[in-house]
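Please read the following walk-through with the sequence and the coordinates open side by side.

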Amino acid sequence: MNANSVISLINLLIKLCLYSLSAVMVWENTMSVGVLTVILTFYGYLTRNVSSVSQRYLDSENRISYIQKIYDFLHTPTEKVWDGKDNLQVSKGKIEISNLYFSYNDQSITLKNINLISFPGESIALVGKSGCGKTTLAFLMLGFYKLQKGKILIDGKSLNECSLKSIRNQIGLVQQNVLIFSGSIRQNLLLGNIHATEREIWDACKAAGIEELIHSFPEKLDTVVGNNGINLSGGQKQRIAIARIYLKNPKIIIFDEATSALDLETEKEVLRYWKKLFSDKTSIVITHRKEVALACDRVAVMNNGEIVEVESVDKLNQTESAFQKLFTSEEKENA
Ligand SMILES: Nc1ncnc2c1ncn2[C@@H]1O[C@H](COP(=O)(O)OP(=O)(O)OP(=O)(O)O)[C@@H](O)[C@H]1O
Ligand SMILES: [Mg+2]
C-alpha cells in the first residue's frame, strides 16, 4: 500500500467516526443539525487542505528520492570497498584493457580475456549481440564493479589504484535513458559541472544545439522540465545530455546505446554534434546500429563475452568480417 492510499484510508476512518458520533449526538439531542452542518463543512475544508499539504509533501519526497537516486548513482556504495585512493588525471585519454575476465556469479563468465587499446582521441564502436557483455565492459571502465582479473590502464595508470570519485569525474557516460529530473534546465545541466558559470552553460547549450530552443521558453534556463514541467522530446533530452557532458568535459566518454531510442534522422543529427564536439575525446560507442558504428574510427566486435574482431572502419568492407556477419544476421532476423 502506498502513502497516498494510507492517507485516504485514514481520512475515511476519521469521516466514519465523525459521522457516527454526530449521528448519536443529534439523536440524543446533544448537538443541533446546524452545528452538525458547520462541523461537516469545516471537516471537508480541513481534509482538502490536509490532502493538499500531504500531496505536496509526497511530491517533494518523490523529488528528494529522485535526487537521492542520482546521488547514489554518482556515489555508488562500492566506494567503501574500493581500494584505489590516487587521483586519476586523464591528459591524453589512452585506454588499455588487458587479459580482463569478469563474472557476476560463480555460474558463468561474462567477460573472457578482453584485450583492447583505444588511442587518444579515437572513437571505438563496441558492437555485438544482446547480452554479449558490452555494458558490463563499460561499467568496469567506470569502476561500477571491482576488477577480478586483468587490468584497465588509463594513460598508463591502473584503474584499481584510482579513487572512484576521480574515475567518474574523468570518464563520462551517456546512456540511452537520459536522466532528466524534475527541475529547471539549469539544474539538469549543472549535474555535469556544479561550478559552471552562466556563460559556460549557454556555451554548452549552443554547442549541443539547444540554445534556440531554450531561448524560446519564457523562463529560459529556469524552465522546469520533467514530470512537473514541459516534456522534452527524445532528441532534445539527448542534446541536454550532450550539453551536460560538454560541461563536464571529460577526456574519455562512453556512449551506451545513447541514441538508440531516436529515429534515424534525429540520431544522425545528434551524431553530427557528437563528432564535432567530441573529436578530441576518446570515445567508446556501444551500439546496435550499423550507421553509428560506421561513424566511428574502429569497431570492436564482441561475441559471448569475448572480443572477436577489432578493425578500422575503412577495412570492414574489404574482408569477410565478424562485423559484416553480425549485421547481416541481424538484418535477416529483423526482416
Ligand atoms: N547485474 C547483473 N547481475 C548478473 N548478471 C548480469 C548483470 N548485468 C548483466 N548480467 C548478465 O551479463 C551478461 C552481459 O550483460 P550486458 O548487459 O553486459 O550485455 P550487453 O552486451 O550490454 O547487452 P545489450 O546489448 O542487451 O545491452 C548477460 O548475460 C546479462 O544477463
Ligand atoms: Mg547493454
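Glu-198 counts as partly exposed because its relative accessibility is 41%, a value that falls between the 20% limit for buried and the 50% limit for exposed residues. In this predicted model, the side chain of Glu-198 meets that of Arg-186 in a salt bridge, with N and O 2.5 Å apart. The two partners stand 12 residues apart and link distant parts of the chain, with Glu-198 in helix H6 (residues 198–207) and Arg-186 in helix H5 (residues 185–190).

Arg-186 also meets the side chain of Asp-222 in a salt bridge, here with an N to O distance of 3.2 Å. Asp-222 lies in the loop between helix H7 (211–216) and strand S8 (224–225), whereas Arg-186 belongs to helix H5, so this pair ties together parts of the chain that are 36 residues apart in sequence. With a relative accessibility of 42%, Asp-222 counts as partly exposed. What does Asp-222 touch, if residues up to four places away in sequence are not counted? Its contacts are Ser-184 and Arg-186, and the C-alpha atoms of Asp-222 and Ser-184 are separated by 4.9 Å although these residues are 38 places apart along the chain.

A further salt bridge joins Glu-122 and Arg-298, whose closest N and O atoms are 2.5 Å apart. This pair, too, links distant parts of the chain, given that Glu-122 sits in the loop between strand S2 (111–118) and strand S3 (123–128) while Arg-298 is in strand S11 (residues 298–303), 176 residues apart. Are Glu-122 and Arg-298 buried or exposed? Both of these residues are buried, which means that each has under 20% relative accessible area. By the rule applied here, the count of salt bridges comes to 7.

The next stop is the ligand site. Around ligand 1 stand Tyr-104, Thr-110, Ser-130, Gly-131, Cys-132, Gly-133, Lys-134, Thr-135, Thr-136, Tyr-145, Glu-257 and His-288, a shell that divides into 3 nonpolar, 7 polar and 2 charged residues. Which parts of Ser-130, Gly-131 and Thr-136 lie beside oxygen atoms of ligand 1? For Ser-130, a polar side-chain atom lies 2.5 Å from an oxygen atom of the ligand, and for Thr-136 an N or O atom in the side chain is likewise 2.5 Å from a ligand oxygen. Gly-131 contributes a polar backbone atom, which is 2.8 Å from an oxygen atom of ligand 1. Taken alone, ligand 1 exposes 640 Å², and the protein buries 58% of that area.

Just after H3, the backbone at Gly-143 takes a positive phi of about 70°.

Conventions: Residues are numbered from 1 along each chain as its sequence is written. Chains are lettered from A and ligands numbered from 1 in the order in which they are written. This is a predicted model: local features need pLDDT of at least 70, side-chain atom pairs count only at pLDDT 80 or more; totals for chains, interfaces and linings use all residues. Side-chain values use heavy atoms; hydrogens and water are left out. Helices (H or I, at least four residues) and strands (E, at least two) are DSSP runs, numbered from the N terminus. A residue is near a molecule or strand if one of its heavy atoms lies within 4 Å of it. A polar contact is a pair of N or O atoms within 3.5 Å; within protein, one must be able to donate a hydrogen and the other to accept it, and residues adjacent in sequence count only if both atoms are side-chain atoms. Accessible areas come from the Shrake-Rupley method with a 1.4 Å probe; for residues, only the protein chains shown count as cover. Ala, Val, Leu, Ile, Met, Phe, Trp, Tyr, Cys and Pro count as nonpolar, Asp, Glu, Lys and Arg as charged, and the others, Gly among them, as polar. A salt bridge is a side-chain nitrogen of Lys or Arg within 4 Å of a carboxyl oxygen of Asp or Glu. Buried means under 20% relative accessible area, exposed over 50%, partly exposed in between (1.4 Å probe, protein chains only). Contact means heavy atoms within 4.5 Å.
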